[in-house]
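Please read them beside the coordinates.

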Amino acid sequence: MRETTYFILAALQDGPLHGYAIIQRASALSSGRVQLATGTLYTALERLATAGHIRVVDEQIVNGRARRSYELTPEGGAALQEHAEQLAAAARVVTERRVTRTAVSPA
């Protein structure tokens, strides 16, 4: 799972959001590392909807434009949780390992 996908799904954990709110939330959750362009976001949302990880829950016309709100599906939540567990296990390989260095004496 790409970092952007991870943070898009994570942004939806607390409930439905519209596109701009997803951009803001993903940025906040990633401490600014994930900066989604609008085109990138909507391409990712389409891909995630097709995969069954998110769904549109509301669509309104605001200032003549469609504003869709998306929510995480149970499948999307499971995929997010699984990836988070994989990341945590990978991090433990480093954080729980004692680093010992053997001093090498010059010959």
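**Pocket and helix packing**

1. The largest pocket holds about 360 Å³ of space. A pocket here is an open set of points on a 1 Å grid over the protein atoms alone where a 1.4 Å probe fits, with protein on both sides within 12 Å along at least five of seven lines. Points are joined across faces, edges and corners, and the volume is the space filled by probe spheres set on them.

2. This is a predicted model, in which local features need pLDDT of at least 70 and side-chain atom pairs count only at pLDDT 80 or more, while totals for chains, interfaces and linings use all residues. Residues are numbered from 1 along each chain as its sequence is written, and side-chain values use heavy atoms, with hydrogens and water left out.

3. Lining residues, meaning those with an atom within 4 Å of a point, include His-18, Thr-38, Val-62 and Arg-65 in the largest pocket. Helix H2 (19-29), helix H3 (38-50) and strand S3 (65-72) each supply at least two residues of this lining; S3 gives the most, with five. Helices (H or I, at least four residues) and strands (E, at least two) are DSSP runs, numbered from the N terminus.

4. By class, the pocket lining has six nonpolar, three polar and three charged residues. Ala, Val, Leu, Ile, Met, Phe, Trp, Tyr, Cys and Pro count as nonpolar, Asp, Glu, Lys and Arg as charged, and the others, Gly among them, as polar.

5. H2 packs on H3 at an angle of about 100°, their axes 10 Å apart. Axes are lines fitted to C-alpha atoms, for helices over the stretch in contact, and angles run from 0 to 180 degrees between N-to-C directions. The angle makes H2 roughly perpendicular to H3 (65 to 115 degrees). Gly-19, Tyr-20, Ile-22 and Ile-23 of H2 make the contact with Thr-38, Leu-41, Tyr-42 and Leu-45 of H3, where contact means heavy atoms within 4.5 Å.

6. Helix H1 (residues 3-11) and H3 have axes 11 Å apart and an angle of about 75°, so they too are roughly perpendicular. Thr-5, Ile-8 and Leu-9 in H1 meet Leu-41, Ala-44, Leu-45, Arg-47 and Leu-48 in H3. The contact of H1 with H3 has six nonpolar, one polar and one charged residues.

7. The axes of H1 and helix H4 (residues 74-95) come within 10 Å and cross at roughly 125°. That makes H1 oblique to H4, oblique being what remains once angles under 35 degrees (roughly parallel), over 145 (roughly antiparallel) and 65 to 115 are set aside.
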